[in-house]
Amino acid sequence: MYCSYPCQVWPFARMLYPSFPGMGNRRMAYSACPKGYKAAYAMLIAGPDYPSVTGVVTFTDTPGGTMVCADVRGLPEYRPAEGDKGPVGPFGFHIHEGGHCDIGDPEKPFEGCGGHWNPTNQPHGNHAGDFPVLVASSGRARMCFMTDRFTVDEIIGRSVIIHENPDDYRSQPSGNSGRRIACGSIRLMDPSEST
Ligand SMILES: [Cu+2]
């Protein structure tokens, strides 16, 4: 079997939530993973709108494609659209071009990450880094999916961004998904760091 969700997220979840039950031994978590699959991770940094957002996104090359897993906490409660304001959640989720998650101007957080990563010049909805929206329950979202649109090597040094509003997969260039509420720089996962 390929790396499953828990064995990828566990080591980093333990760093984030040391008191989480069952997070006893990172080495054990790694031993549950087949060796030799390249992986990357992004630790999320919250923007000024929802400072409680925290979490990790992992990327693993497998023979069936790249597996992407997200484990995010502290997301805001769903709020329906009101006037000009879009609904809060489910949350737009993408790979952006730049890799530096500086908040920068709090009016426009994480602008330094640039636009969507779109190496094949596709319309929005079919960018290599267009992801499913994140759906949260009591502020927590967990999701894994497979994609053949990129490999781990291609996304190192880029970023993942979570947006306040859902992605409509239609508006150009970024799906009208609103403010950037969290950002994580994508780094190569080095198993030797976790032992
Ligand atoms: Cu985005």
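How many bridges join strand β1 (residues 39–43) to strand β3 (residues 54–62), and in which sense do the two strands run? Five bridges join them, and the strands run antiparallel; at one of these positions A39 of β1 has T60 as its bridge partner in β3.

The structure is a predicted model, in which local features need pLDDT of at least 70 and side-chain atom pairs count only at pLDDT 80 or more, while totals for chains, interfaces and linings use all residues. Residues are numbered from 1 along each chain as its sequence is written.

**Overall architecture**

The chain has three helices and nine strands, where helices (H or I, at least four residues) and strands (E, at least two) are DSSP runs numbered from the N terminus. Read along the sequence, these elements follow the pattern α-α-β-β-β-β-β-β-α-β-β-β. Of the 195 residues of the chain, 38% count as buried, a residue being buried if 20 or more other C-beta atoms, placed from the backbone, lie within 10 Å of its own, exposed if 12 or fewer do, and partly exposed in between. Among contacts with a separation of 6 or more, residues 24 or more positions apart account for 62%, a contact requiring that the C-beta atoms of two residues, placed from the backbone, lie within 7 Å.

**Strand pairing**

Five strands form an open sheet in the order β6-β4-β3-β1-β9, with antiparallel pairing; two strands are taken to pair if DSSP finds at least two bridges between them. The edges of this sheet are β6 (141–147) and β9 (187–188), each of which pairs on one side only.

Strand β7 (residues 159–163) pairs with β5 (residues 93–96) in the antiparallel sense over four bridges, and five bridges join β7 to β8 (residues 180–185), again with an antiparallel course. Residue V160 takes part in both pairings, being the bridge partner of I95 and standing opposite G184 in β8. Strand β7 is mostly covered, with five of its five residues buried: S159, I161 and H163 point one way, whereas V160 and I162 point the other way.

**Nonpolar core**

A nonpolar core is a set of buried Ala, Val, Leu, Ile, Met, Phe, Trp, Tyr and Cys residues joined through C-beta atoms within 7 Å. The largest one has 35 residues, and those with the most contacts inside it are A42, L44, V57, V72, L134, I162 and C183. Strands β1, β3, β4 (65–73), β5, β7 and β8 each supply at least two residues of this core, and β4 gives the most, with five residues. Leaving aside neighbours within four places in sequence, A42 is in contact with V56, V57, S159, V160, G184, S185 and I186.

**Two loop residues**

D49 is placed in the loop between β2 (45–46) and β3, and F150 lies in the loop between β6 and α3 (152–155). D49 counts as partly exposed because it has 16 C-beta neighbours inside 10 Å, whereas F150 counts as buried because it has 20. Not counting residues up to four places away in sequence, D49 touches E164, R179 and I181, while F150 touches T66, A128 and I155.

| Residue pair | Separation in sequence | C-alpha to C-alpha distance |
|---|---|---|
| D49 and E107 | 58 residues | 9.5 Å |
| F150 and T66 | 84 residues | 7.0 Å |
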